Amino acid sequence: MGRKRDIFFNGLRDGLPVAMGYLAVAFTLGSSAAALGLSPFEASLMSALNNTSAGEFSAFTLMAAGTTAAEIPLTTLILNMRYFLMSCALSQKLDKNTPFFHRFLLSFAVTDEIFGLSVTREGKLEALYSYGIMAAALPAWTIGTYLGAVMGSVMPANVSAALNMAVYAMFIAVIMPPAKKDKTVALVVAVSMAASLVFSLIPA
């Protein structure tokens with residue numbers, strides 16, 4: 001029992017920086033939701049059911065454009081297809097005897113940052129470790145959205161823009177330690193960053 005508790009609290013500890021980043025980014029998300037006319041409850045419920053900043057921001061953009069209801073889930077599906085690959089990677093990281101219900105629950109919280117922490121953990125991944133990260137990170141995502149929806153209208157625009165940078169700083173903090181330890185990981189990170197830059201500059 002003591003070992004299980006330690007595994008959970010290790011995940012909780014490692015998830016605290018993610019929680020702080022989520023709180024900041026979700027604040028901006030909540031502000032965007034309020035600008036569309038969503039109530040704080042509606043905005044926070046959306047974040048509780050969708051752990052994806054890109055998906056939620058795109059949904060708000062489509063809602064503001066007056067698109068059909070069918071386009072929103074389709075766009076969200078396309079934006080979040082990378083999570084299929086992340087889930088496959090995590091399934092290989094878990095012990096083969098991990099029950100299905102653990103795999104089902106863990107799949108709900110495959111975010112970039114939680115995946116990064118889980119997949120770089122040494123040895124086999126214990127479900128309790130990921131649950132610890134989730135216990136810290138997911139409430140912060142929902143609470144941040146609620147606070148943003150309540151107070152976002154009084155937040156200066158430049159401060160909101162600065163909060164958006166928190167998620168990038170947080171993700172860098174997740175990937176740098178394993179990149180320092182493993183040259184292969186460092187190469188993959190460098191190639192990915194270069195490819196992202198190239199694709200952002202190509203006119204087509």
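A residue counts as partly exposed when its relative accessible area falls between the 20% limit for buried and the 50% limit for exposed. With that in hand, welcome to a few close-up views of this predicted model.

**View 1. Arginine 82 and aspartate 112 meet in a salt bridge.** Arginine 82 has 31% relative accessibility, so this residue counts as partly exposed. Its side chain pairs with that of aspartate 112, with 3.1 Å from N to O. The two partners come from distant parts of the chain: arginine 82 belongs to helix H5 and aspartate 112 to helix H7, 30 residues apart.

**View 2. Glutamate 126 and arginine 121 form a salt bridge.** Here the N to O distance is 3.0 Å. Side chains of opposite charge can pair when their charged atoms come close.

**View 3. Arginine 3 forms a salt bridge with glutamate 126.** In this pair, the closest N and O atoms are 3.8 Å apart. Arginine 3 sits in helix H1 (residues 2–35), while glutamate 126 is in the loop between helix H7 (112–119) and helix H8 (127–151), so the bridge ties together parts that are 123 residues apart in sequence. Is arginine 3 buried or exposed? Arginine 3 counts as exposed because its relative accessibility is 59%, and the cut-off for exposed is over 50%. If you are keeping count, the structure holds 4 salt bridges, among them the one shown here.

**View 4. Five side chains make a nonpolar surface patch.** Look for Leu74, Leu77, Ile78, Met81 and Phe84, which form a patch of about 510 Å². Which helix gives the most to the patch? That is helix H4 (residues 71–79), with 3 residues. Phenylalanine 84, another name on the patch list, lies in helix H5 (residues 82–93). Phenylalanine 84 has 48% relative accessibility and therefore counts as partly exposed.

**View 5. Proline 99 lies in the loop between H5 and helix H6 (100–107).** This proline counts as partly exposed because its relative accessibility is 34%. How many residues along the chain lie between the positions of proline 99 and alanine 127? They are 28 residues apart, and their C-alpha atoms are separated by 9.7 Å.

Notes: Residues are numbered from 1 along each chain as its sequence is written. This is a predicted model: local features need pLDDT of at least 70, side-chain atom pairs count only at pLDDT 80 or more; totals for chains, interfaces and linings use all residues. Side-chain values use heavy atoms; hydrogens and water are left out. Patches are made of residues with over 30% relative accessible area and no salt bridge: like charges are joined within 9 Å, nonpolar side chains (Val, Leu, Ile, Met, Phe, Trp, Tyr) within 5 Å. Accessible areas come from the Shrake-Rupley method with a 1.4 Å probe; for residues, only the protein chains shown count as cover. Helices (H or I, at least four residues) and strands (E, at least two) are DSSP runs, numbered from the N terminus. Buried means under 20% relative accessible area, exposed over 50%, partly exposed in between (1.4 Å probe, protein chains only).
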